[in-house]
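Subject: Handing over the structure

Hi there,

Have a look at it first, and then read on.

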Amino acid sequence: MEAVEKLAFTLLELMVESLGLPPCRTHKHFESSRTSLFRMNHYPVCPAPELALGVSRHKDSVALTILLQGDVEGLEVKSKDGEWIIVKPNPDAFVINVGDVMQVYSNDKYQSIEHRVVVNKNVERYSFPFFFRPAHWVDLCPIPELTSDQCLPKYQPFKWGKYLRRRFDSNYKDLGVPNLQISHYRVNV
Ligand code: OGA
Ligand code: NI
């Protein structure tokens with residue numbers, strides 16, 4: 001986890017730099033009361049893969065996901081024209097997903113990727129995502145230097161910890177609204 005987190009910081013720096021900002025601009029957001037986590041997924045063989053999904057379509061509510069997916073296919077990403085495209089496994093490489101946090105930081109320059117996992121009849125599958133997420137206390141919003149009178153912020157600030165809490169709660173009870181998404185904080189500009 002420590003090594004992968006180090007890689008996550010490096011990728012974050014490169015992406016922040018690509019937006020024209022000092023590479024360490026957002027570091028402090030990831031430094032105390034951290035919420036990053038590592039998960040191990042197991043997808044058993046499925047007798048009727050056309051009737052089931054391993055994980056239904058979603059976007060990761062993280063800054064970046066660093067995923068090791070072994071050598072069994074399953075992960076699919078949605079292309080701009082709505083096609084599901086399989087991400088060919090390469091056991092010597094990580095898959096990097098851009099998540100919702102990068103989308104908010106960058107005021108939509110980076111887009112969070114929609115993805116899902118399909119299951120398969122013959123072989124079980126394992127995958128190992130590391131979810132790189134900000135600290136609880138962070139007020140998430142587009143990075144102010146990236147917005148101006150000509151380029152207004154597309155999201156109102158929201159407390160990251162509270163957002164996670166509400167998403168977590170909605171895993172267990174029906175809150176009467178669809179699962180909370182960053183789009184709830186989008187403002188019309
Ligand atoms: C996830 C996810 C992909 C995979 O856990 O959020 O998208 O390949 N996993 O298991
Ligand atoms: Ni995911």
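To start with the cysteines: is Cys 151 buried, partly exposed or exposed? Cys 151 counts as partly exposed, at 29% relative accessibility. The cut-offs are under 20% relative accessible area for buried and over 50% for exposed, with partly exposed in between (1.4 Å probe, protein chains only). Cys 141 is also partly exposed, with a relative accessible area of 23%. The sulfur of Cys 151 has its closest cysteine sulfur in Cys 141, 13 Å away, which is too far for a bond. The structure holds 0 disulfides, where a disulfide is a pair of cysteine sulfur atoms within 2.5 Å.

A word on how to read the rest. This is a predicted model, in which local features need pLDDT of at least 70 and side-chain atom pairs count only at pLDDT 80 or more, while totals for chains, interfaces and linings use all residues. Residues are numbered from 1 along each chain as its sequence is written, chains are lettered from A and ligands numbered from 1 in the order in which they are written, and side-chain values use heavy atoms, with hydrogens and water left out.

**The nickel site**

The nickel ion (ligand 2) is held by His 58 (NE2), Asp 60 (OD) and His 115 (NE2), at 2.1 to 2.2 Å. Along the chain, these donors follow the spacing H-x1-D-x54-H. Donors here are N, O and S atoms within 2.8 Å of the metal (3.2 Å for Na, K and Ca); water is not among the atoms, so the site may look incomplete. His 58 lies in strand β3 (residues 53-58) and His 115 in strand β8 (residues 115-118), so the pair ties together parts that are 57 residues apart in sequence. Helices (H or I, at least four residues) and strands (E, at least two) are DSSP runs, numbered from the N terminus. The two histidines are worth a look side by side: His 58 is partly exposed, with a relative accessible area of 26%, whereas His 115 is buried at 4%.

**Strand β9 and its partners**

Strand β9 (residues 125-132) has 6 of its 8 residues buried, so it is largely enclosed by the rest of the structure. Strands count as paired if DSSP finds at least two bridges between them. β9 pairs in the antiparallel sense with strand β1 (residues 37-38) over 2 bridges, and there Phe 38 has Phe 130 as its bridge partner. With strand β4 (residues 64-68), the antiparallel pairing of β9 extends over 5 bridges, and Leu 67 is partnered by Pro 129.

**Strand β5 and its partners**

Strand β5 (residues 75-78) is joined to β8 by 3 bridges, and the two run antiparallel. Leu 75 stands opposite Val 117 in β8. β5 is also antiparallel to β6, again through 3 bridges, with Ile 86 as the bridge partner of Glu 76. The hairpin of β5 and β6 has 5 residues between the strands, and Gly 82 takes a positive phi near 90° there.

A nonpolar core is a set of buried Ala, Val, Leu, Ile, Met, Phe, Trp, Tyr and Cys residues joined through side-chain atoms within 4.5 Å. Of the 32 residues in the largest one, Phe 132, Leu 140, Phe 158 and Trp 160 touch the most other members. The elements that give two or more residues to this core are α1 (2-18), β4, α2 (100-105), β9 and α3 (160-170). The largest share, 6 residues, comes from α1. A second, separate core of 9 residues includes Tyr 43, Leu 67, Leu 75 and Val 119.

In α3, the buried residues are Trp 160, Gly 161, Tyr 163, Leu 164, Arg 167 and Asp 169. Their cover includes α2, β10 (139-140) and β11 (158-159).

**Two loop residues**

Thr 26 is found in the loop between α1 and β1, and is buried with a relative accessible area of 0%. Leaving aside neighbours within four places in sequence, Thr 26 is in contact (heavy atoms within 4.5 Å) with Leu 12, Val 16, Tyr 105 and Ile 143. Pro 89 lies in the loop between β6 (84-86) and β7 (95-98). With the sequence neighbours within four places left out, Pro 89 is in contact with Gln 69, Gly 70, Asp 71, Val 72 and Glu 73.

Best wishes
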